[in-house]
Amino acid sequence: MSGVLWQKRIEAAGLGKIQEKVMNEERLSFEDGLQLYATADLNAIGYLANIVRERKNGNVAYWVRNQHVNYTNVCNKSCLFCSFYARPRNDARAYVMSPEDAAQKVLNYGDAPISEIHVVGGVNPKLDYDYYLDLIRTIKAARPKAHIKAFTMVEIDQIVRRAKKPPREVFLDLKAAGVDALPGGGAEVMSDRVHEDLFATKPNAARWLELAREAHKVGLKTNATILYGHVEQTPEKVEHFVRLREVQDETGGFLTFIPLSWHPEKTALEHLKPPTGVEDLREVAISRLMLDNFPHIKSFWIMNTAPITQCALWFGADDVDGTIMEYEIIRDPQRDRKQVLTSRDLVEMIIEAGREPVERDPLYNVLSRGLENASDVEGVLSNERANIGHNTENLNIMSREEVLTAAQQLKDKARDKGLIPLEAR
Ligand code: V47
């Protein structure tokens with residue numbers, strides 16, 4: 001479409017003023033954010049987001065050869081949007097990896113040149129401070145060349161409690177043990193209302209941001225996410241962007257923003273409809289436009305799907321995440337065997353979308369370009385070795401009735417808060 005036609009379309013969508021700001025590299029306001037969400041023309045929003053995306057990252061789309069290690073699913077936070085967690089007592093799904101189990105997980109993929117190990121888990125009250133340090137040291141010893149991206153701010157809040165030390169000292173200890181960067185989970189939606197309704201016992205937005213600031217002060221880069229598509233309202237999402245970019249103005253410590261598309265399956269809110277592809281692209285585009293000081297926007301393919309992620313590369317995203325290998329947060333490890341894209345799949349997916357694939361490490365150092373380093377090795381290894389290293393010794397087996405009662409309790413809690421409509425109860 002010619003520039004003139006786009007211009008007409010942007011005007012027709014009521015985005016003329018926002019376009020002017022985008023062209024002049026001016027910050028969009030809270031009201032601009034509301035207006036973007038209210039605009040029906042998704043392509044017009046994508047067109048503007050793509051201008052920012054190409055200004056910051058050209059035609060490049062980053063991918064990473066990574067592995068996720070979810071060291072425990074035991075969690076005492078009972079978030080209503082989550083299907084991953086097992087309760088600390090009497091839950092048949094509960095698992096905890098010893099540091100050696102986690103190292104085994106990493107060694108399972110020893111033949112793949114993995115550059116990032118993404119380590120996150122539930123808030124497990126039984127783990128002490130030394131466990132976390134040992135976990136990192138042992139993983140680092142197993143794969144000394146890989147960067148470790150570990151622990152959301154929610155886990156950090158728990159680790160700080162167990163350490164009985166100020167956050168700064170904890171970050172320094174974790175850094176010394178081998179943590180290179182932190183992932184972006186845990187903030188969910190920065191709204192006191194949603195916090196109260198869905199994840200009341202987790203640290204609130206102010207605490208999440210305070211911990212992120214502390215991490216940045218000791219030189220650790222971190223990511224940030226938003227979890228959308230459940231009960232949040234538009235102004236709450238815009239507020240989320242505004243709060244994040246204010247901290248980024250102060251510290252410059254955020255690398256990547258990842259809009260996470262909520263998956264309702266097997267959660268207490270599974271009666272709600274999941275976000276659509278249109279919503280996924282809108283979230284990518286609006287986050288690119290609002291977070292003017294974030295270098296990167298990621299479309300996490302495992303949540304958004306690979307096809308939506310290909311489109312997202314034209315709606316503001318410049319990163320697709322990576323090979324992943326195994327991902328527990330939205331799957332049942334007993335039922336599904338693997339969740340992986342090989343390095344060849346990722347590179348081909350990016351080329352097909354019309355972008356230039358660049359392999360990065362967690363700090364965006366360039367490791368390879370195009371098909372240079374792409375292979376199918378991750379798929380072969382995942383077929384052979386996915387799920388090796390899940391220890392079952394700590395399993396506390398519950399009867400089926402007990403499992404159903406626990407699930408019902410969660411649903412009752414959601415119903416009491418008015419989060420389940422009458423007809424779905
Ligand atoms: O904070 C939990 C989310 C997050 C569900 O930094 C769910 O590069 C969808 O933060 N449906 C953890 N999402 C994952 C995370 C992440 C993922 C990928 C890359 C990076 C990065 C960080 O997962 C949690 C929560 O917001 N989550 N349950 C669900 N049912």
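Two residues are in contact if their C-beta atoms, placed from the backbone, lie within 7 Å.

## Basis

This is a predicted model, in which local features need pLDDT of at least 70 and side-chain atom pairs count only at pLDDT 80 or more, while totals for chains, interfaces and linings use all residues. Residues are numbered from 1 along each chain as its sequence is written.

V119 is in contact with V69, Y71, I139, I148, A150 and F151, leaving aside its neighbours within four places in sequence. V119 is also one of the residues that touch the most other members of the largest nonpolar core, alongside L48, I136, I139 and L289; this core has 123 residues. Domain 1 (3-52) and domain 2 (61-424) both contribute residues, so the core lies between them. The domain bounds come from an automatic or database domain assignment.

A nonpolar core is a set of buried Ala, Val, Leu, Ile, Met, Phe, Trp, Tyr and Cys residues joined through C-beta atoms within 7 Å. A residue is buried if 20 or more other C-beta atoms lie within 10 Å of its own.

## Helix α8

In helix α8 (residues 167-177), the buried residues are P167, V170, F171 and L174. They fall within an arc of 100° seen down the axis of α8, so they line one face of the helix. These buried residues pack against α6 (129-142), α7 (153-163), β5 (179-182) and α10 (205-217). G178 follows α8 and has a positive phi, near 135°.

Note on methods:
A residue is buried if 20 or more other C-beta atoms lie within 10 Å of its own, exposed if 12 or fewer, and partly exposed in between; C-beta atoms are placed from the backbone. Helices (H or I, at least four residues) and strands (E, at least two) are DSSP runs, numbered from the N terminus. The arc is that of the directions from the helix axis to the C-beta atoms.
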